[in-house]
Amino acid sequence: MKADRMNRLLTAFANGWLMVLIHLDAFRFAPLHYLKAAWWGLLGKRVRSRGQFAPLLGQSRRAYLLWGMRDERGRAHSTPGELPPIIALVDLTREDGATPERLEATRSSLAAEGVAAFEIGAGAAADLAAAAKAIDWAQRPWLLPVAPGDRLAPGAASLYREAIAGSSAQVVYADDDLLDRWGRFTVPHFKPDWNSELFEHFDYLAGACIVRGDAAALAQAGQEADWGGALVRAAAAGQRVAHIPKVLHHRQSRPVAPQKPVPLQVCSNLPAVSVIVPTRNRVDLLRTCLDGVFASQYPDVEVIVVDNDSDDPETLAYLQELDPARAKVLRHSGPFNFSAINNAAAREARGELLCLLNNDIEVLAPDWLAILATQALRPDVGAVGAQLLYPDGRIQHAGVVIGVGNAAGHAHRFVEPDDEGYFRRHALPQFAAAVTAACLVVGRDKFMAVGGLDEKNFAVAYNDVDLCLRLNERGWQSLYEPRAVLVHHESVSRGFDRDPVGAARFAGELAALQRIWKTDQIVDRFHHPHLSRAAEQFSLAL
C-alpha cells in the first residue's frame with residue numbers, strides 16, 4: 001500500500017512539473033497571448049481563457065508527453081494466436097530507408113503483437129505473389145502494410161480485432177504519431193472518423209491501418225509502385241471504413257498533406273441560383289458585397305436583397321437605385337431574425353440553388369459561386385461552405401466543429417492560410433458537421449425539405465448549425481470547400497450581442513442547441529475525443 005501511494009505521489013508530481021514546463025513553453029512562444037489568456041481567467045471568463053490557452057499549451061513538445069502519461073500508455077501486448085490473423089507486409093523499398101536497425105525494430109514490434117510478417121522488396125509483384133501463396137486465406141486474414149522502423153503500440157492487434165468483430169468494414173485505421181531520433185513519441189495525428197471527401201485529397205489511412213484483402217487484391221496492388229497505398233485505396237473504395245480513435249502506430253515518417261487541392265472541375269450546366277443578402281444600413285459593405293456577386297462568373301444569378309429596417313439615407317438611396325433586372329429588394333421589418341429573413345426570401349426565390357450570403361462578405365475571385373454550386377449539386381451533399389478570411393488574411397471559417405465550447409465553433413479560426421495548421425485540414429475539401437451561413441449554398445428543395453432555418457429557436461445564432469445537422473440527418477452531408485475563398489467582415493453591420501437583450505437571446509439559443517443536439521455531450525466525428533473542446537484551432541486536450 002505504501003509503495004502504491006508513493007507511486008501515485010511521484011506520478012502526480014511528474015504530471016504537475018510537466019504542466020509547469022508546458023506553461024513556461026507557452027509563455028515563451030507567445031507571451032502576450034499567454035498573458036491575455038491568463039487575464040480572461042482572472043476575470044472569471046473560463047471558457048474564453050481555456051479557448052486561448054489550449055493552442056498555446058498544445059505547441060509545447062512536452063504536451064504530448066504529458067498526454068501520454070495520463071492516457072494511453074501501459075497497455076499489455078496482444079495475445080499470440082488470436083483470430084482472425086493480421087499479417088504485416090513490410091515495404092523494404094521505402095525511400096526513407098530500410099536500415100537493419102529500423103527493420104529489426106519493426107520485426108520485434110510485430111512479433112510482440114503476434115503479427116506474422118512478409119518483407120516485400122524491390123520485386124514487389126513477385127514478393128506479393130509469393131506472400132499470397134503462403135497466406136492461409138481460409139482464415140480470412142487482414143493485411144497490414146507497414147514501413148521499416150514503424151512500430152505497433154502494445155495491444156494494437158487486439159484492439160484491431162475488437163474493431164473488426166462483427167463489422168462489415170473493409171478498412172480499419174487508427175491514429176498515429178512519429179518517432180524522433182531518440183525514439184520518443186511526437187507529433188500525434190488524431191484523425192477524423194471516415195471522411196471520404198478528405199481522403200480524396202489526402203490519404204490519412206495508409207501506413208496506419210489494416211485492410212481485408214485476398215490474393216487478387218495483392219496481385220492488383222503489386223502493379224503499382226505504391227502498392228501499400230493502392231491496397232488501401234482499393235479496399236476503401238466501398239466506403240466501408242472504420243476508425244479506432246487511439247494511437248496504435250508509431251511511425252518513422254508519414255505522407256505530408258498537400259498544400260492545396262487540385263482545381264475543381266466546375267459543372268458545365270449550372271442551374272439558376274438565388275443569392276439572398278440580408279442587410280441593414282452600411283451601404284459601404286452592401287455595395288462591395290453586391291459588386292462581387294454581380295461580377296461572378298455564373299450563368300444565371302438571381303439576387304434578393306432583404307432590407308431589415310434600414311434608415312440611413314445613403315443606404316435607402318442605393319437600394320432604390322438598384323436595377324430590378326439585377327437585384328430584387330424585399331422589405332422585412334421588425335427585430336433582426338436571420339432565420340425569418342432568409343426563409344421569407346427563399347420562398348420568393350426562383351433558383352434551384354440558394355446562396356445565403358452576409359452583406360459583409362467581400363468576393364475575391366469570380367469563380368466562387370460556380371465552385372460552391374458544383375458541390376451543392378451532388379446528391380450526397382447538403383450545405384456547402386466556403387473558406388472565409390478576416391480582412392487581415394487569417395482564417396475566420398474553415399468548417400464548423402460541433403462540441404467546441406460545448407456548442408459549436410469555427411474550425412481553424414485565426415490560422416494563416418499558408419501555415420501547416422493541423423495537417424493542412426483548413427486547406428482541403430472535406431465533409432464537416434456544419435458550415436456557416438455567412439456564405440452557404442444549398443439545394444432549394446433540400447432546404448425546404450427540412451423546413452428551412454428555425455425561426456423560433458435560432459433567430460440569430462446557431463441557425464446554420466441546426467440547419468446543417470438536420471440536412472445531415474437526411475443524408476445530405478455538409479461540405480467545406482476551400483477552393484472558394486472570400487473575406488468576411490464579421491458582424492460589422494449588425495454588431496455583436498453585448499447588450500443585455502442580445503446576451504439573453506444568445507443564452508437561449510445556446511440552451512436550445514444543447515437541448516436539441518446535445519452539443520455539450522457529443523464528440524464531432526470529424527474532430528476527435530483527444531482534441532480540445534475549448535479551442536477552435538485543433539489542439540491536444542490537456
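Colleague: How many residues line the largest cavity, and which lie nearest its centre?

Modeller: The largest cavity is lined by 16 residues, and Val401, Ala411, Arg425, Gln430 and Ala432 lie nearest its centre. A cavity is a set of points, on a 1 Å grid over the protein atoms alone, where a 1.4 Å probe fits but cannot get out, and a lining residue has an atom within 4 Å of a point. β16 (400–402) and β18 (430–431) are the elements that give two or more residues to this lining. Such elements are DSSP runs numbered from the N terminus: helices are H or I, at least four residues, and strands are E, at least two.

The model is predicted: local features need pLDDT of at least 70 and side-chain atom pairs 80 or more, while totals for chains, interfaces and linings use all residues. Residues are numbered from 1 along each chain as its sequence is written, and side-chain values use heavy atoms, without hydrogens and water.

Colleague: Which classes of residue line each cavity?

Modeller: The largest has 10 nonpolar, four polar and two charged lining residues. Ala, Val, Leu, Ile, Met, Phe, Trp, Tyr, Cys and Pro count as nonpolar, Asp, Glu, Lys and Arg as charged, and the others, Gly among them, as polar. The lining of the second largest cavity has four nonpolar, one polar and five charged residues; including Asp176, His189, Lys191 and Phe202.

Colleague: What lines the second largest pocket?

Modeller: A pocket is an open set with protein on both sides within 12 Å along at least five of seven lines. The second largest pocket, of about 510 Å³, is lined by 22 residues, with Arg94, Ala206, Asp226, Gly229 and Pro255 nearest its centre. β3 (142–146) and α10 (227–236) each supply at least two lining residues, and α10 gives the most, with four. By class, the lining has eight nonpolar, five polar and nine charged residues.

Colleague: Which residues of helix α11 are buried?

Modeller: Buried means under 20% relative accessible area with a 1.4 Å probe, protein chains only. In α11 (residues 283–294), the buried residues are Val283, Leu285, Leu286, Cys289, Leu290, Gly292 and Val293.

Technical notes
The expected span of a helix is 1.5 Å times one less than its number of residues. Buried means under 20% relative accessible area, exposed over 50%, partly exposed in between (1.4 Å probe, protein chains only). Grid points are joined across faces, edges and corners, and a volume is the space filled by probe spheres set on the points.
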